[in-house]
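This report looks at a ligand and its surroundings, and then at one pair of aromatic rings.

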Amino acid sequence: MSQFPKGFLWGGATAANQLEGAYNEDGKGLSVQDIMPKGVMGKVSDGPVEENLKLKGIDFYHRYEEDIKLFAEMGFKVYRMSIAWTRIFPTGEETEPNEAGLAFYDKVFDTCKKYGIMPLVTLSHYEPPLNLSEKYGAWLDRRMIDFFAKYAEVVMNRYKNKVTHWITFNEINVTVFSPLLGGGILTPKEELTMSQKYQAAHHQLVASGLVTKLARKINPAFKIGCMVASQPRYAMTCNPDDILYAMEQQQETTFFVHVHATGKYPYYTKRLFNEENIEIEITQEDREHLSHTVDYITFSYYNSRTMAKDPSPYQTAAGNIYRGLKNPYVQYSDWNYPIDPQGLRYMLNFYYERYQLPLFVAENGMGSYDTPIKNEDGSLTINDDYRIDFFNDHILQIEKAIEDGVDVFGYTAWGCIDLVSAASAQIDKRYGMIYVDRQPDGSGTLKRTRKKSFFWYKELIESNGASLKR
Ligand code: BG6
């Protein structure tokens with residue numbers, strides 16, 4: 001019998017820069033993503049270049065109606081999406097927003113409403129205006145806080161009757177690890193000091209608090225969440241050195257949840273900063289902004305990471321952005337990422353035990369190659385049983401966490417429709433339940449096809465989890 005509560009929010013998640021395309025239409029300015037043709041796996045380009053698949057994405061900008069209709073057919077209760085900052089403020093510095101950009105999201109939200117889907121909106125998902133990156137070094141600079149707050153205030157006012165649930169920053173902890181992806185910082189990561197990376201992350205945390213405060217003024221009914229890329233850190237052995245090392249590594253992520261949930265830096269900040277020689281500027285005003293805490297915690301979960309104080313005897317495993325050691329007890333994906341469903345139950349318990357705030361799994365999925373079979377009538381069939389197994393096993397662990405007593409109120413499968421990947425900007429690293437005919441060389445009709453997982457997820461939602469293979 002299903003343990004999912006009535007009203008559990010089932011759905012899917014995407015990000016504007018990975019699916020919208022139309023990178024220069026209707027007044028949109030360039031974002032940092034428009035010059036990242038290889039994601040974080042290659043160099044930035046001088047300007048937008050054709051090989052950058054994100055420029056066209058899957059053309060959601062012109063096909064949102066068809067796509068949201070397909071989400072509705074699967075029974076989505078929620079659609080996690082993001083707003084492209086550069087559609088609203090093309091350079092980030094204008095005083096007046098771009099009306100065409102605002103009008104686009106009005107149409108998207110109205111379409112969601114038509115199908116009874118609640119939008120959950122991320123304000124910043126890896127795409128600050130390129131102008132701010134070039135001119136100010138993006139989040140390295142304190143002035144970003146006000147640029148971001150201005151943008152957030154405009155969109156929260158505009159959509160105050162259409163959107164209730166917001167997320168300030170996607171995977172806010174990524175800024176320290178990948179300053180380009182997380183913080184829009186063009187200076188190569190090797191040239192940045194730890195202090196600079198944490199200063200940039202601090203600016204985002206302050207901006208997140210400030211925006212939370214503004215949100216409550218705009219509409220007291222708003223619910224604001226944070227979002228943190230989360231992987232349980234497992235110790236490779238029971239050697240206390242490994243256990244403590246894994247604990248410290250875990251704290252580097254929990255740090256970001258802690259600030260959002262309690263309004264303060266955690267007790268281990270001093271040690272962490274001392275060890276890494278980190279010195280950052282924190283003003284009284286910053287502390288006030290930080291004190292505006294979130295209503296719920298969201299996180300992405302793709303895999304666990306295994307750690308050892310001395311990693312030299314072990315093999316390493318791959319990972320989206322983060323890597324760990326090869327764990328002999330879990331399976332591996334096409335990209336050699338660990339597949340560890342139980343890690344999700346662990347993570348849910350981990351956060352709930354500490355913060356007792358409602359939790360929402362904002363991203364979870366597996367990038368895989370799909371092999372469409374061409375039918376006689378030209379249509380395609382995609383038998384993606386591997387994806388079904390992945391989702392089934394992970395959702396089962398959410399159910400177990402609910403049985404553990406954790407308050408989880410929703411789940412959005414990452415890339416419910418195929419889109420361009422973030423880390424490597426590939427299209428054939430497919431996450432979706434809807435296949436999009438776009439190929440690595442950029443060709444393709446962009447036609448949408450329901451995969452086998454589409455029907456599986458539809459049944460799962462219809463039965464509120466009862467159809468899971470247990
Ligand atoms: C998360 C990001 O890190 O992982 C998404 O929030 C991203 O934007 C997802 O797409 C999967 O990673 P990738 O690199 O395979 O697309």
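## Ligand shell

Ala, Val, Leu, Ile, Met, Phe, Trp, Tyr, Cys and Pro count as nonpolar, Asp, Glu, Lys and Arg as charged, and the others, Gly among them, as polar. By these classes, six nonpolar, five polar and three charged residues form the shell around the ligand. Of the 14 residues around the ligand, Q18, E171, A422, K429 and Y431 come nearest.

This is a predicted model: local features need pLDDT of at least 70, side-chain atom pairs count only at pLDDT 80 or more, and totals for chains, interfaces and linings use all residues. Residues are numbered from 1 along each chain as its sequence is written, and side-chain values use heavy atoms, with hydrogens and water left out.

## Atoms at the ligand

A polar side-chain atom of N170 is 2.9 Å from one, and a polar side-chain atom of Y431 is 2.5 Å from one. For A423, a backbone N or O atom lies 2.7 Å from a ligand oxygen.

## Aromatic rings

There are 39 aromatic pairs in the structure (Phe, Tyr or Trp rings, the six-membered one for Trp, with centres within 6.5 Å). The ring centres of F60 and Y79 are 6.4 Å apart and the planes meet at 55°, so this pair is tilted (under 30 degrees is stacked, over 60 edge-to-face, the rest tilted).

Terms used. A residue is near a molecule or strand if one of its heavy atoms lies within 4 Å of it. A polar contact is a pair of N or O atoms within 3.5 Å; within protein, one must be able to donate a hydrogen and the other to accept it, and residues adjacent in sequence count only if both atoms are side-chain atoms.
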